[in-house]
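Here is a friendly walk through some side-chain contacts, a surface patch and a few backbone details. Please keep the structure open beside the text as you read.

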Amino acid sequence: MVIARQQLSQGNIKLATLLLKKIPITAASYSQAQELLSATNVGDGGNLLATAEAALRHQDWGLALLQVKLMNQLGTDYWREQAQKLSVRISQEQDAWVQLVQARDLAAWLTANELAAAVMLALKIPPEAVVYSQAQADIRRWIPEVFAYAEERLTAGDREGALALIEKIAPALDVSYHDRPIVILGQAKALAAKGTVLGYWEAIARARQIPITDPFYESAQAYLNTWQQRLRNQQHLQWATWLANTRLRWGYALAIAQARQVPLGQPERAQAQGLIALWQRDLGTIDERPLLHAAIALAERKQYQAALGVLQSFPRNAVLASVVANYRDQWQAKLEEIQDRPILDRAIRLARQGKLEEAIRTAEQIGRDRALSPEALNRIWQWDYELSLRQRQQAAPTPAWWDSPPTTSERTAEPVTEPESASPATPTAEATTPGVSPPATPTPEATTPGVSPPPTPETTIAPASPSPTPEATVVPTPTPVQSPPVQSPPAEPEPTATP
């Protein structure tokens with residue numbers, strides 16, 4: 001049962017099925033085996049997986065992706081996991097196929113550099129890819145063509161050109177080519193191009209295998225001298241770096257001495273000069289760093305006051321002056337926040353209780369140069385605005401709904417002015433009736449205080465007058481000062497006219 005589960009996890013469907021079916025009925029794990037067979041749906045899933053493998057061999061990506069979809073529809077966790085793995089596999093196979101197609105396109109040009117590039121591109125295809133065997137066959141066919149171009153360059157006297165061509169395909173050459181001097185030197189150049197101590201060691205060992213009678217011997221000796229010097233340079237820098245990592249005074253001194261042994265004009269000289277400048281700076285701070293580390297340790301425990309006290313021991317011309325100043329600003333801000341936060345919290349509590357004036361006075365205790373000053377000022381401005389709104393509301397209270405409306409005498413005592421630019425009103429029946437004048441405006445003397453008199457014939461009918469004209473229907477706007485008192489109507493009015 002355990003072996004069957006392992007085979008299922010590895011994708012060996014046939015072997016797992018065979019093992020599960022061989023479990024006898026009398027076995028304690030028989031029911032588990034039957035459940036595993038039904039749960040994993042081995043038969044359908046195995047067929048889908050086999051179909052996908054066949055599709056990958058023929059680069060039928062659509063059919064392979066269809067099997068992934070069908071596996072997900074089987075409804076079990078096992079086949080969903082297998083579908084995910086198959087999806088990744090399809091993506092890898094597609095990439096490998098694209099690389100092989102690109103390599104074949106390059107090789108179709110039948111030129112030296114394109115053939116060498118095609119060899120190296122096909123070499124990147126992983127061994128587990130379906131097209132790996134095809135890529136290896138193409139590489140074995142292209143390499144002799146590259147060597148043919150190298151021989152042509154050698155015949156023309158271009159040794160460096162031939163060597164550069166072989167150097168490009170050196171990683172793809174198997175042991176059958178390793179006895180050729182041009183291959184040995186090409187592989188040595190490829191190893192030295194890594195720029196490491198081990199690479200130079202192997203390159204030197206390869207170059208020493210070229211015999212004196214070979215045409216490439218002189219070139220090998222020239223490369224050998226160069227690589228030996230580069231190897232010494234790398235050894236100096238490697239040893240110097242190890243010494244500097246001790247972080248001790250004598251370590252820095254020895255590291256600087258080692259780095260200075262790199263001669264002028266060497267490619268590693270610039271790297272050596274940079275390391276020397278870095279180590280000299282570290283050497284100048286070797287007495288200051290313990291103090292700085294102690295201050296940092298105190299600050300990590302939130303003892304900012306003590307950490308700032310340690311920073312005060314640094315002189316102004318210290319090498320780490322900029323670093324110290326940065327830490328001082330950070331810790332000073334955190335210390336001020338710890339000191340002023342209770343004040344601001346107390347002010348916030350007062351504001352929530354409605355004591356805005358007291359909250360403002362409390363927040364003003366935080367100085368303008370403190371870390372919490374911006375936050376405190378924002379709170380003060382907010383509370384001041386709320387306080388001004390409250391004061392305006394208290395100065396002009398809104399009348400309650402139960403307040404009685406003003407009396408008639410209060411309303412009539414206030415002069416009512418009509419706009420001067422009033423348009424002529426449309427004559428009413430009373431105004432257009434011949435012999436009837438407009439109603440007179442009652443005066444305060446003629447009205448009973450607090451009681452609005454109903455309209456009576458005495459107050460609405462005037463003696464007959466000539467027919468009004470449009471100009472006569474416009475009533476001039478009276479003013480409280482210039483309007484004369486209106487006379488009371490006659491005691492016995494004339495009969496009223498029917499409108």
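Patches are made of residues with over 30% relative accessible area and no salt bridge, and nonpolar side chains are joined within 5 Å. Keep in mind that this is a predicted model.

**A nonpolar patch**

Leu63, Leu66 and Leu70 make a nonpolar surface patch of about 210 Å². One of these residues, Leu66, belongs to helix H5. Its relative accessible area is 40%, so Leu66 is partly exposed.

Gln59 sits in the loop between helix H4 (42-57) and helix H5 (61-72). Although Gln59 is not a glycine, its phi is positive, at about 55°.

**Salt bridges**

How many salt bridges does the count come to? The count comes to 13 salt bridges. Three of these pairs are set out below.

| Pair | N to O distance |
|---|---|
| Arg104 and Asp138 | 2.9 Å |
| Arg341 and Glu375 | 3.4 Å |
| Asp282 and Arg281 | 3.5 Å |

Let us begin with the salt bridge between the side chains of Arg104 and Asp138. Arg104 lies in helix H6 (residues 77-107) and Asp138 in helix H8 (residues 132-155), so this pair ties together parts that are 34 residues apart in sequence. Is Asp138 buried or exposed? Asp138 counts as buried because its relative accessibility is 5%, under the 20% cut-off for that class. Arg104, with a relative accessible area of 31%, is partly exposed.

Next comes the salt bridge of Arg341 with Glu375, whose closest N and O atoms are 3.4 Å apart. This pair links distant parts of the chain, with Arg341 in helix H17 (residues 321-352) and Glu375 in helix H19 (residues 373-395), 34 residues apart. Arg341 counts as partly exposed, at 25% relative accessibility. Glu375 is also partly exposed, with a relative accessible area of 28%.

Asp282 counts as buried, its relative accessibility being 6%, whereas Arg281 counts as partly exposed at 47%.

Salt bridges can also share residues. Which residues are linked in a network of salt bridges? They are Glu53, Arg89 and Glu93.

Where does Lys302 lie? Lys302 is in the loop between helix H15 (289-300) and helix H16 (304-311). Its relative accessibility is 60%, so Lys302 counts as exposed, the cut-off for that class being over 50%.

Finally, have a look at Ala321, which lies in helix H17, the helix that also holds Arg341. Ala321 counts as partly exposed, with 28% relative accessibility. Along the chain, Ala321 and Glu288 are 33 residues apart, and their C-alpha atoms are separated by 9.8 Å.

Terms used:
Residues numbered from 1 in each chain as written. Predicted model: local features only at pLDDT ≥ 70, side-chain atom pairs only at ≥ 80, totals over all residues. Heavy atoms only, no water. Helix = DSSP H or I, 4+ residues; strand = E, 2+ residues; numbered from the N terminus. Buried < 20%, exposed > 50% of the residue type's maximum accessible area, 1.4 Å probe, protein only. Patch = residues over 30% accessible without salt bridge, like charges linked within 9 Å, V, L, I, M, F, W, Y side chains within 5 Å. Areas by Shrake-Rupley, 256 points an atom, 1.4 Å probe, with all protein chains shown as cover. Salt bridge = Lys/Arg side-chain N within 4 Å of Asp/Glu carboxyl O.
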